[in-house]
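Let us walk through this structure step by step.

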Amino acid sequence: MKILTGNDLKTGAVVWWDGVSWSLHVEDAIDAGDQAETILAREQATRRVNAAYAIDATREEGGVRPAHIKERIRALGPTVRADLTLKPADPEAGNWVI
Amino acid sequence: MAEVQFRFRDDEPVADPGVTVDAFGAQSNAAAVRLEPGDDARDLLPHLGRLRLVEVNFPVFGDGRGYSAARILREAGYAGELRAVGDVLVDQLAYLRRCGFDAFAPEVPLDPVDAEAAFARYEQAYQPAADGLRPVWALRHG
Amino acid sequence: MYKYDTYDQQLVDTRVEEFRDQVRRRLEGHITEDQFKPLRLMNGLYLQLHAYMLRVAVPYGTLNSAQMRMLGHIADKYDRGYGHFTTRQNIQYNWIKLEQAPDILADLASVEMHAIQTSGNCIRNTTSDQYAGAAADEVVDPRPYAELIRQWSTFHPEFSFLPRKFKMAVIASDTDRAAMRLHDIGIKIVRNDASDLGAAFYVGGGMGRTPMIAPCINPFVPLDRFITYAEACLRVYNRHGRRDNKYKARIKILVHELGKEEYTRQVEAEFAHLLTQGVEPPLAELERIKAQFTEPPFEVGISDEVDRSDPDFALWLETNCLAHRQPGYVAVTISLKPVGGIPGDASADQMRLMADLARDYSFDELRVTHAQNVVLPHVKKADLYALWQALDAAGLGTANLDRIGDIIACPGLDYCSLANARSIPVAQKISERLSPRSDEIGELKLKISGCINACGHHHAGHIGILGVDRKGVENYQLLLGGNEGADTSLGTITGPGFDEDGIVDAVDRATGVYLANKQGAERFLDTYRRIGMAPFKEAIYG
C-alpha cells in the first residue's frame, strides 16, 4: 500500500494521512492508492501539512508498517530515547523499527 | 517582460530590453544588456561609458552569482541602472539593494507592504558593500 | 569575552523581528516552503525526522554562564529538556515548533546569542580552538580574529546564496584542535620572522562525500588585510563554484578542479582589486575586539599541587585536565560521553549545573568543543576536587577525554532526515563494550557518521565508522587511520561493511590488533601507521 506522511506545518510533528486529515499515529494511515499525488498537492497547498511524501507500507497484524526503516523511526520516535517515543511504556517498541 | 516594480532612480528608464552579453559586444550602440548567471560582468567593463541599463537575471533565487556581478559593476564605477529580474523575492531585496541594484522587476509581483518593510528593515550593516552605507566598524571608529 | 554593543544588539534584535515576519508570512501562505526553506535555514531551523530542529550558534565555541543557563531554559521551555552539542561547537534542539521559533530567537538575543547562519548556503558559524586563551602553545588568542570574521560574514549581502555551505575555522597554535584543514577556509594565525602576526590561509578542505585536506594558498596575509583576503576567496568561489551538482558545489571541488595555483592566482587578482575598495575594517576595530578577550584575573603564586588520594579523581585529573599556561590552573574538559550515553547530549539540569560551575570555578566561561564536550577553560587546581565531585554527581565526570568512550557521533537516523543509518546506538554499544579497557587502549579517537555528509567526522577518526543504507538495511563501513590536527590524514576503508553488532566486534578486534602490536608509548594511530592495514584486515575479516 501507499501511505502519506509529512510534518505538521506549525508544530513539526510527524503525521500520517488517515483519509480525512492527518493523524499522529501510523496505524491510522490509509492506502492512498493512485490518489497520492492529488492528496499531497491539495493538502500542502492548503498548508494542512508540510514536506509530505508518499511511501510504501504493508498492513500487518497490529498495524501499518512502513517499508523503510526511516519512516518506521519517524512513526515511533528516536530509538535511543524510548521515553520520547509514542510508546514510552513499551521497552520493546524499538524492535519494531528493525 | 516583467514590469519594473521598484526603482530607486530619478532618471528616465531605458525602454529597450537588454541584449545578451555577446550581442552587446557586437552592437556598438546598445545601451542595455542582460547578464545571465554564467556571464562575466567584467566583460562589460570596457563599455561602461555607453551602458545605461544592466539587467541581471536570477532564473532561480538561490543562484547568487548576480550579487557578485552587481558589486563588480558598481566597484568599477558603473552608475547606470542595475535591475534585478527573474525570481526576485521579498527576502532577497535588502541584500540585492546592498550589492548595488537600484531597480527590481520580479517575475511575480511582490506584496508592496512586505517589500517596503524589507527595504527599510536593517539600518546598519557589518560590512561595506555597494550601497554607500557606512559599516558598523566605521561608525564605531568615527 | 566579546560583549555586544548597541550595534550588535540592534542587528540581532532586527533579525528576530525579520524572522518573526517571515514565519508569519509562511503560516499565512504568502510564501511557499521552497521559498521559506532557505530563510529558516539561515536562522538555524531545519525540518528533521520528527520535528523542526533549531541549531543555535555558539560563536567560536565560547559562552558565559548566563548564556549556558539560557540554553538550559530553552531546553525546558521549548523543547523536551535536553539539547545536543555538535561538531561545529553549536547546540541543537530536536523538538522545536515553528510557531515558537521566533520567541526562542528573542530569548537568545536577550543573552547576546542567535541562530544566524547556522545553516544554509552561506558562511556558517566560525569555529576555533576550545582551549583558546588557556593553551600554553598558542601564538595569540585566536578568538578576536574569529569574532572579526563573525561580524564580517553576518548578513554578508554578496555571500548569502553561495553554491553551498561555507565553514571557516581559526586557530593560533601548532597543535590544531579545530580540524582547521578540513574546513572550506582554515586560518592559522602565525608570527613571521619579523615577529609580525599574520594569517595563513588554507582553502578547500572538507569532509563529506569527497574528503580533502586544504592546501595552504597564502602562508602570510597581514592582519590589516585578512578580511579582504577572505572576501576575495569567497568572491572567486561565489562566481565560479559549481552550481550544477550539489555534491560538487563545495569550494574544495573548485580548488581541486582549477588546481591550487590557478585558484590562488584568481584570488590574488581579486584581492588586489578589493584592496582598492575599502572593505577592510581598521586595525582599531581588531584592537577593540581584542580588548574584550583579556586574560581573567588569575591568582598568582598559588600551588601547583593537587591531592590525588582519591583514585577516581586522580584518573579524571590525568585524563580530562589540560596544562594551563597560567601556573596553578588547568583547563577542564567536562565529558558529555557517559559510558553507554548519547554523545553530546546534555539535559537542561546539566546545562544549568555547568553554568553554575563556570561561574564559581572558571571566571564565568565555558567552551563547546568540536568533539561534543564542554570545557571550563580556567580552573584553579585547588578547586578541582570540589568541581569533580559536583560533575561526577551529575553524570558529567567520566574520565575519558580522547579515549575510546569519547566518541563523536552525529545524530544519525534517530533524528536526522539525511541519515542512512543510526549512529547513536553504535556509539553506545562500542562505549559499553570497550570502556572497561579504556586506560589500556589509551588515546583513540573514534568518530561515527550516519551518512556520507560526515557530520560525525568519520574520515578524521583514528577509527571511523560510516553508516550506509544497503537495500533498506543499516550497514556500517569501518575506516582506519584518519586524523585531524597538524598531521591530518584521511581514513581508509577496511573492506566490506557490517551490521550493528558486527561493527562493534570489528572495532573490538581492531583495538586487539593495536594492543598486540603496540610498541612503547605508541597510540592506536601510531601503531596503525607503522604496521599498516594488513594485520587489521586479517583480524577483522580473517
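Helix 5 (residues 143-153) of chain C packs against helix 9 (residues 283-290) of chain C at an angle of about 120 degrees, with the axes 9 Å apart. Axes here are lines fitted to C-alpha atoms, for helices over the stretch in contact, and angles run from 0 to 180 degrees between N-to-C directions. Helices (H or I, at least four residues) and strands (E, at least two) are DSSP runs, numbered from the N terminus. Helix 5 of chain C and helix 9 of chain C are therefore oblique to each other. Angles under 35 degrees count as roughly parallel, over 145 as roughly antiparallel, 65 to 115 as roughly perpendicular and the rest as oblique.

This is a predicted model: local features need pLDDT of at least 70, side-chain atom pairs count only at pLDDT 80 or more, and totals for chains, interfaces and linings use all residues. Residues are numbered from 1 along each chain as its sequence is written, while chains are lettered from A and ligands numbered from 1 in the order in which they are written.

Which residues of helix 5 of chain C meet helix 9 of chain C? P144(C), E147(C) and L148(C) do, and they face L286(C), I289(C) and K290(C).

Now take a second pair. Helix 3 (residues 65-78) of chain C and helix 11 (residues 348-361) of chain C pack at about 170 degrees, with their axes 8 Å apart. These two helices are therefore roughly antiparallel to each other. Helix 3 of chain C contributes residues including M68(C), L71(C) and A75(C), and helix 11 of chain C residues including M351(C), M354(C) and A358(C).

Next, the contact between chains. It takes 29 residues from chain B and 34 residues from chain C. Two residues are in contact if their C-beta atoms, placed from the backbone, lie within 7 Å. On the chain B side, helix 2 of chain B gives the largest share, five residues.

Finally, two backbone details. Q372(C) is not a glycine, but its phi is positive, near 70 degrees. Q372(C) sits in the loop between strand 14 (365-368) and strand 15 (374-380) of chain C. Is Q372(C) buried or exposed? Q372(C) is buried, with 26 other C-beta atoms within 10 Å. The cut-offs are 20 or more such atoms for buried, 12 or fewer for exposed, and partly exposed in between. K471(C), also not a glycine, has a positive phi of about 50 degrees. K471(C) is exposed, with 5 other C-beta atoms within 10 Å.
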